[in-house]
Amino acid sequence: MALIVPALLVLSALSLAFGMVLPLVLFERLYFFTETPSLLGIVASLWAQENQLLAVVVGLLSIVFPVIKLIGVAFEAISRGDGSHDRLLAGLLPLLARWSMMDVMLVALVIVAAKTTGIASAFTQPGLWFYAASAVLTSLLQMQLRPR
């Protein structure tokens, strides 16, 4: 039982890293134009296309918040029992947890929109599954650390 928290922490961190760098979705247009953007690639592309505000919002919600949440959960796992930072973590982690699955839902909506409008064929890729796994594993880790 003592190995569950470290295992979930490592799996969640690896899943988040893979979810950021692996392709999220495959778009096929006209059978020979394909795109497989990763999360980091999407943010970089938005920035390069002069959409800095959208790049910052996506970067914050998709990259920064999950990383901060994972660091907070790791800190909570390491400092369990001393109670010194309990108030900060108790306020911060539930706030960040509200945004955990938002990106997964947005990518799913993009896939549905692409398929139903006929713009492109869209298929999920490993990055989306790793990103979703990270959100679920981090939530399970939080539940393990705070069973109430």
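Is Gly 19 buried or exposed? The views below start from that residue in a predicted model.

**View 1. Gly 19 in helix α1.** Gly 19 sits in helix α1, which covers residues 4-21. Its relative accessible area is 0%. Gly 19 is therefore buried, the cut-off being under 20%.

**View 2. The surroundings of Gly 19.** Neighbours within four places in sequence are left aside here. Gly 19 then contacts Leu 24, Leu 39, Gly 127, Phe 130 and Tyr 131. Ala 133 lies 114 residues from Gly 19 in sequence. In space, the C-alpha atoms of Gly 19 and Ala 133 are 8.6 Å apart.

**View 3. The aromatic pair of Phe 18 and Phe 130.** One aromatic pair turns up in a search of the whole structure. The ring centres of Phe 18 and Phe 130 are 5.1 Å apart. Their planes meet at 50°, so the pair counts as tilted. Phe 18 belongs to helix α1 and Phe 130 to helix α6, residues 126-145. The pair therefore ties together parts 112 residues apart in sequence. Phe 18 is partly exposed, at 40% relative accessible area. Phe 130 is partly exposed too, at 31%.

**View 4. The chain around these sites.** The protein chain has six helices and three strands. Their order along the sequence is α-β-β-α-α-α-α-β-α. Of its 148 residues, 36% are buried. Among contacts with a separation of 6 or more, 67% join residues 24 or more positions apart. The accessible surface comes to about 9,000 Å². Carbon and sulfur atoms account for 73% of that surface.

How values were computed:
Residues numbered from 1 in each chain as written. Predicted model: local features only at pLDDT ≥ 70, side-chain atom pairs only at ≥ 80, totals over all residues. Heavy atoms only, no water. Helix = DSSP H or I, 4+ residues; strand = E, 2+ residues; numbered from the N terminus. Buried < 20%, exposed > 50% of the residue type's maximum accessible area, 1.4 Å probe, protein only. Contact = heavy atoms within 4.5 Å. Areas by Shrake-Rupley, 256 points an atom, 1.4 Å probe, with all protein chains shown as cover. Phe/Tyr/Trp six-rings, centres within 6.5 Å; stacked < 30°, edge-to-face > 60°.
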